[in-house]
Amino acid sequence: MRHSLLCMLGFFCFKATLTADRTTTLAEASHRVSVILHPSWPQIYRGETVILKCQIQEAGGAQWTYEWKTTNRKSLIPCEYMNFSATEAHSGEYRCRGKREVKFTPWSEVIKLIVSSPPQPVLSVSPSWLNPGASVTLSCEGLEHQPAGWRFFWYKAVPKPSSSSYTSELLPGSTNGTEQNSNTVHGPTLTAGFVCRAGRGEPEFYTYYSEPKFVWSADPRPAASLSVNPDRVQHFRSESVTLNCEGNSAEWRVKRFIETGKLSYCSYLGTMTGSTCTIDPHRHHSGVYWCESQSGETSNAINITVQDDDSAPLLLSPVHPVTEGDPVTLSCRMKDKLLSNVFFYHNDKLLHNDSRGELNISAVSKSDEGFYKCQHSGKDSPRSWMSVRAVSGPVGSLRLVLLIIGPVSGIILIILLLSLWRCIRSA
């Protein structure tokens, strides 16, 4: 009993000698022995509770004792069950056999146990940039043998006060997790970070938290807004660039997220003075920038593209979304001057066959949204996305009416003037 109890607690025990004669092994050969692993997942992680049971088929009511042989111990282990919190040291091959009186069954087939470090899932979000009223899909990926009993838990990343890290706050409805590795967040409107992790088993074992992933809102808000100087998306690496946070909070910090998934703060990028971040040119990289307060308020986010080649052109395009019906002008410049003979492309399609100094859109529409670039002397600028925001509500309706009435009124006025001119001539 003492040996069995120690075994179940994960302390391996053994007898110094075995009184049975090994020549009696075949006497119980009719009894088939197997090792039962619970949970029976193909991959076990450090910290999971594991039970190994030695099972004898057609054991009847006889009194059996058991012993185990494993590659991670030289001694035999006398118990029916082994119950332990798995560590890498438990990795190895296990087999067992039964003993009745002085007779032994054959050894069971070997079962191989591999214990690994807990996994860290990878969270993806789609879309990364918010559209008004749109939902965001979160996907928790990167787990091997994903159907193996996992449930997925979803969190909002909440900034820690006076720290550059985050805590994780369960999203509503995520207390019990989801069987699917995806989850939909309905109608978020602000820049926000999300985190996921997975759990399984009883007692429940959890993976590490994923790194936070963000969805960004490009719309400036009075409560929290970010501006950039110079006021454009593209910048030369050698240029001095400042980012300014404005809003209700007295304590802002600027954050940057680059394509490799690295999250940085102004203290790493340059110098934060009050609510203004001045970026060190040596640490100036393309990415998404936004402001965040210690209380968790977030500003609009902006894309910044850094041009390493000082001899290539830059596209001058709006930093913030433009509103349907507004005029928009795009231009192109070198480091020291504006250019007057460039070609403009929309989604890699040439817009005009002749070169020009500016691309003027008198009333921008949703169809004008997309990637733009300019070309000068065979060299292309980086591409930048221009976002077009739909107009809604009374203002949008009024603008739509004006857009319709304006041209119609002009046509009517021309007809009236022509009629008046004819009347005068015929008089």
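**Sheets, pocket and aromatic contacts in a predicted model**

Strands E21 and E25 run antiparallel and are joined by six bridges, and across this pairing lysine 255 has tryptophan 290, in E25, as its bridge partner. The structure is a predicted model, in which local features need pLDDT of at least 70 and side-chain atom pairs count only at pLDDT 80 or more, whereas totals for chains, interfaces and linings use all residues. Residues are numbered from 1 along each chain as its sequence is written, and side-chain values use heavy atoms, with hydrogens and water left out. Strands (E, at least two residues) and helices (H or I, at least four) are DSSP runs numbered from the N terminus, and two strands are taken to pair if DSSP finds at least two bridges between them.

E21 and E25 belong to an open sheet of five strands with mixed pairing, in the order E19-E26-E25-E21-E22. Its edge strands, each of which pairs on one side only, are strand E19 (234–236) and strand E22 (263–265). Neighbouring strands of this sheet are turned against each other by 35° on average, direction ignored; for such angles, axes are lines fitted to C-alpha atoms, for helices over the stretch in contact, and the angles run from 0 to 180 degrees between N-to-C directions. Another open sheet is formed by three strands in the order E27-E29-E32, with antiparallel pairing. E27 is joined by three bridges to strand E29 (residues 328–333), the two running antiparallel, and leucine 315 has cysteine 332, in E29, as its bridge partner.

The largest pocket holds about 1100 Å³ of space. On a 1 Å grid over the protein atoms alone, a pocket is an open set of points with protein on both sides within 12 Å along at least five of seven lines, whereas a cavity is a set of points where a 1.4 Å probe fits but cannot get out; lining residues have an atom within 4 Å of a point. Grid points are joined across faces, edges and corners, and the volume is the space filled by probe spheres set on the points. The largest pocket is lined by 41 residues, of which Trp129, Ala218, Val288, Asn303 and Trp385 are the closest to its centre. At least two residues of the lining come from each of strand E25 (287–293), strand E26 (298–307), strand E35 (384–386) and strand E36 (388–389), and E26 gives the most, with five residues.

Twelve aromatic pairs are present in the structure. Rings of Phe, Tyr and Trp (its six-membered ring) pair if their centres lie within 6.5 Å, and planes under 30 degrees apart count as stacked, over 60 as edge-to-face and the rest as tilted. The ring centres of tyrosine 155 and tyrosine 209 are 5.3 Å apart and their planes stand at 75°, so this pair is edge-to-face. Because tyrosine 155 lies in strand E12 (residues 151–159) and tyrosine 209 in the loop between strand E16 (205–206) and strand E17 (213–215), the pair ties together parts that are 54 residues apart in sequence. Tyrosine 155 is buried, with a relative accessible area of 5%, whereas tyrosine 209, at 34%, is partly exposed; buried means under 20% relative accessible area, exposed over 50%, and partly exposed in between (1.4 Å probe, protein chains only).

The rings of phenylalanine 214 and phenylalanine 257 also form an edge-to-face pair, with centres 6.0 Å apart and planes at 65°. Phenylalanine 214 lies in strand E17 and phenylalanine 257 in strand E21 (residues 252–257), so the pair ties together parts that are 43 residues apart in sequence. Both phenylalanine 214 and phenylalanine 257 are buried, and they belong to one aromatic cluster together with Trp129, Tyr166, Trp216 and Trp290.

Two backbone features concern proline and aspartate residues. The peptide bond from histidine 38 to proline 39 is cis, with omega near 0°, and proline 39 is found in the loop between strand E1 (33–38) and strand E2 (44–45). Aspartate 348, although not a glycine, has a positive phi of about 70° and lies in the loop between strand E30 (343–346) and strand E31 (349–350).
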